[in-house]
Amino acid sequence: GGSFAFSEALALTPRDFDFTHQLISVSKTWNYKGKGGFQPTKNRSSIRKIQIDWQTAIQFSALVKKLPEDCRRCNISVISIHGLRHTHASLLLFTGVSIASVARRLGHSSMTTTQKTYLHIIQELENRDIDLVMRSLSSLG
């Protein structure tokens, strides 16, 4: 999954992973535009636990196992995390996950943010719904 803002993903440390429950705790950000250092999240709704699937959990546990508790830097390319976040959210919306659930996973304080960011996808889904409605109505006749 990629339900993180880039600054949130950079701030993850080994103790933010709960592999028993397949959860990642998002509670801080990393100031990558300034001098570095941990910072609070954007707002209260940004503090969240994100459920991950077991395959992702296995990948992360292998990565984290080799890292010291206070690891400073894991060289991950910049695009990967933000790109993943968008791809992840888009796929969820396409498979029919509600905007409310996607907003919560992304840590958006309101669904409006999610709707604005993923407007193109939501419009595409509405077109798909219209087709569905029309087909359903014509099958009634």
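Some ground rules before the details. Residues are numbered from 1 along each chain as its sequence is written, and side-chain values use heavy atoms, with hydrogens and water left out. Since the model is predicted, local features need pLDDT of at least 70 and side-chain atom pairs count only at pLDDT 80 or more, while totals for chains, interfaces and linings use all residues.

Let me start with the overall layout. The chain has six helices and five strands. Both are DSSP runs numbered from the N terminus: helices are H or I with at least four residues, strands are E with at least two. Along the sequence the pattern reads α-β-β-β-β-β-α-α-α-α-α. Of the 141 residues, 33% count as buried. Buried here means under 20% relative accessible area, exposed means over 50%, and partly exposed is in between, with a 1.4 Å probe and protein chains only.

Now the sheet. Three strands make an open sheet in the order S1-S2-S5, with antiparallel pairing. Two strands count as paired if DSSP finds at least two bridges between them. The edges are S1, residues 17-18, and S5, residues 48-51, each of which pairs on one side only.

Take the S1 side. Strand S2, residues 23-26, is joined to S1 by two bridges. Phe-17 has Ile-24 as its bridge partner in S2, and Asp-18 has Leu-23. S1 and S2 form a hairpin with four residues between them, and Gln-22 in that turn has a positive phi of about 55 degrees.

Ser-25 has Lys-49 as its bridge partner in S5, and Val-26 has Arg-48.

How are the faces of S2 and S5 covered? In S2 both faces are covered: Leu-23 and Ser-25 are buried on one side, Ile-24 and Val-26 on the other. S5 has one covered face, with Arg-48 and Ile-50, and one uncovered face, with Lys-49 and Gln-51.

Side chains of opposite charge can pair when their charged atoms come close. The rule used for a salt bridge is a side-chain nitrogen of Lys or Arg within 4 Å of a carboxyl oxygen of Asp or Glu. By that rule there are two salt bridges.

One is between Glu-8 and Arg-48, whose closest N and O atoms are 2.8 Å apart. Glu-8 lies in helix H1 and Arg-48 in strand S5, so this pair ties together parts that are 40 residues apart in sequence. Both partners are buried: Glu-8 has a relative accessible area of 5%, and Arg-48 has 8%.

The other is between Lys-28 and Asp-16, with the closest N and O atoms 2.5 Å apart. Lys-28 sits in the loop between S2 and S3 and Asp-16 in the loop between H1 and S1, so to speak distant parts of the chain, 12 residues apart. Lys-28 is buried at 18% relative accessible area, and Asp-16 is buried at 8%.

Next, the second largest pocket. A pocket is found on a 1 Å grid over the protein atoms alone, as an open set of points where a 1.4 Å probe fits, with protein on both sides within 12 Å along at least five of seven lines; lining residues have an atom within 4 Å of a point. This pocket holds about 460 Å³ of space, where volume is the space filled by probe spheres set on the points. Its lining has 26 residues, and those nearest its centre are Ala-5, Ser-7, Glu-8, Lys-42 and Arg-85. Helix H1 (6-10), strand S3 (29-30), helix H3 (78-94) and helix H5 (111-117) each give two or more residues to the lining.

Ile-130, Val-133, Met-134, Leu-137 and Leu-140 make a nonpolar surface patch of about 520 Å². Patch residues have over 30% relative accessible area and no salt bridge, and nonpolar side chains are joined within 5 Å. Val-133 belongs to helix H6, residues 119-140, and is partly exposed at 44%. Ser-61, in helix H2 (residues 54-65), is also partly exposed, at 22%.

Key. Patch = residues over 30% accessible without salt bridge, like charges linked within 9 Å, V, L, I, M, F, W, Y side chains within 5 Å. Areas by Shrake-Rupley, 256 points an atom, 1.4 Å probe, with all protein chains shown as cover.
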